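The sequence and the structure are shown below.

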Amino acid sequence: MKNNAYLVFGFLALCWGMTFLFNKTASSLISPMQVVTVRVIMGFLPVLAFAMARKVLDWQHLRYVHHFIVMSLLAATVYYLAFAKGIALLPSSVAGMLSGVIPMFSFIAAAIFLRSEPVNIRSISGLLFGFAGVLIIAKPWESGTSGIDLMGVVYVAIGSGCVGLSFVYVRKFLSPLGISPIALCTYQLGLSALTLLLICDFSGMNAIFTNWKIATGLFIGLGMFGTGIAYMCYYFLIGKLGAVKTAGVTYIPPVIGLLTGSLILGEPVSATDIVATAMILSGVFIIQSGRTPPSSTNTTSSNVRAHNLPERA
């Protein structure tokens, strides 16, 4: 059973890592808003089917709809849209490398709002080390000449910040409710899909069907697998491997994003970019290793909270 869990672990890392490629290619034909609308709707469908099969949805949950709306914005609509805009402006390999900062924003948000993270020399060192890697990739001192659009970097940072805030929101308001994480995910994606259907301009969206490979990557790769099925794999791994081991999956997608951008799209990747990516991931590792291990009495509650943390997109 554990071997099967590690297979799912690898599959999840691949799904999340390929999202940068699918996002980038789709943005060449349609707008970021349209990309995200398709992504969320296609991701919502398998999650809804699974939630209905598990019978975890309950009309009584409507009393918490205000919390679900906030989560749909932080962990889906704004998060995905910011990343889609960033990926449209940046090489997908760069966006993939920058996505490694997501756990850093989660740490910052928890340290500020929950005060549950140990803010010590080790964690601060990891944070500074990781963000130094971001600066090396973004090269703000070479604005206009480095080929890196700083607005794209800002969009990725906004998306990462939304994930960090969503982590805080879940811990503070949703975890105590005891609602199934699959139900929460269903409500989150469903409300996000509804929001996007209302605000999205669908003009020219038919262009996505001029290239069946890009369309398949968007609908199946980014939407169904990269969003919907990926969520279900994540929750499966939490139950089989635990929160700590499952969190390790977040180290792999930036590397896959770098490789797919370089090998498939032919985007230039320098040795400096690789070193910077290693710095970001090392910074995350230092932060993680600087955390105080939870006591055995708190392990169960910690795992429950981790169920609701949308670590990646």
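H67 counts as buried, because its relative accessibility of 12% falls under the cut-off of 20%. The model from which this value was computed is a predicted one. H67 is found in helix α3. When neighbours within four places in sequence are set aside, H67 is in contact with Y169, F173 and L174.

**Overall fold**

The chain contains 13 helices and 0 strands. Buried residues account for 53% of its 313 residues. Of the contacts between residues at least 6 apart in sequence, 88% join residues at least 24 apart. The accessible surface of the chain is about 13700 Å², and carbon and sulfur atoms contribute 69% of that surface.

In soluble globular proteins, nonpolar side chains tend to be buried together. In this model, the largest nonpolar core has 69 residues, and the members that touch the most others are L12, Y80, L98 and L189. Helix α3 provides the largest share of this core, with 11 residues. Apart from this core lies another, made up of 15 residues, including M18, L21, L222 and I256.

Which residues does L12 contact, leaving aside its neighbours within four places in sequence? The contacts of L12 are with A230, C233, Y234, L237 and V249.

**The second largest pocket**

The second largest pocket holds about 310 Å³ of space. It is lined by 14 residues, and those closest to its centre are L57, D58, W59, L62 and Y187. Three helices, α2 (32–54), α3 (65–89) and α8 (181–199), each supply at least two residues of the lining. Helix α8 gives the largest share of the lining, 5 residues.

The lining of the second largest pocket divides by residue class as follows.

| Class of lining residue | Number |
|---|---|
| Nonpolar | 10 residues |
| Polar | 3 residues |

Conventions:
Residues are numbered from 1 along each chain as its sequence is written. This is a predicted model: local features need pLDDT of at least 70, side-chain atom pairs count only at pLDDT 80 or more; totals for chains, interfaces and linings use all residues. Side-chain values use heavy atoms; hydrogens and water are left out. On a 1 Å grid over the protein atoms alone, a cavity is a set of points where a 1.4 Å probe fits but cannot get out, and a pocket is an open set with protein on both sides within 12 Å along at least five of seven lines; lining residues have an atom within 4 Å of a point. Grid points are joined across faces, edges and corners, and a volume is the space filled by probe spheres set on the points. Helices (H or I, at least four residues) and strands (E, at least two) are DSSP runs, numbered from the N terminus. Ala, Val, Leu, Ile, Met, Phe, Trp, Tyr, Cys and Pro count as nonpolar, Asp, Glu, Lys and Arg as charged, and the others, Gly among them, as polar. A nonpolar core is a set of buried Ala, Val, Leu, Ile, Met, Phe, Trp, Tyr and Cys residues joined through side-chain atoms within 4.5 Å. Buried means under 20% relative accessible area, exposed over 50%, partly exposed in between (1.4 Å probe, protein chains only). Contact means heavy atoms within 4.5 Å. Accessible areas come from the Shrake-Rupley method with a 1.4 Å probe; for residues, only the protein chains shown count as cover.
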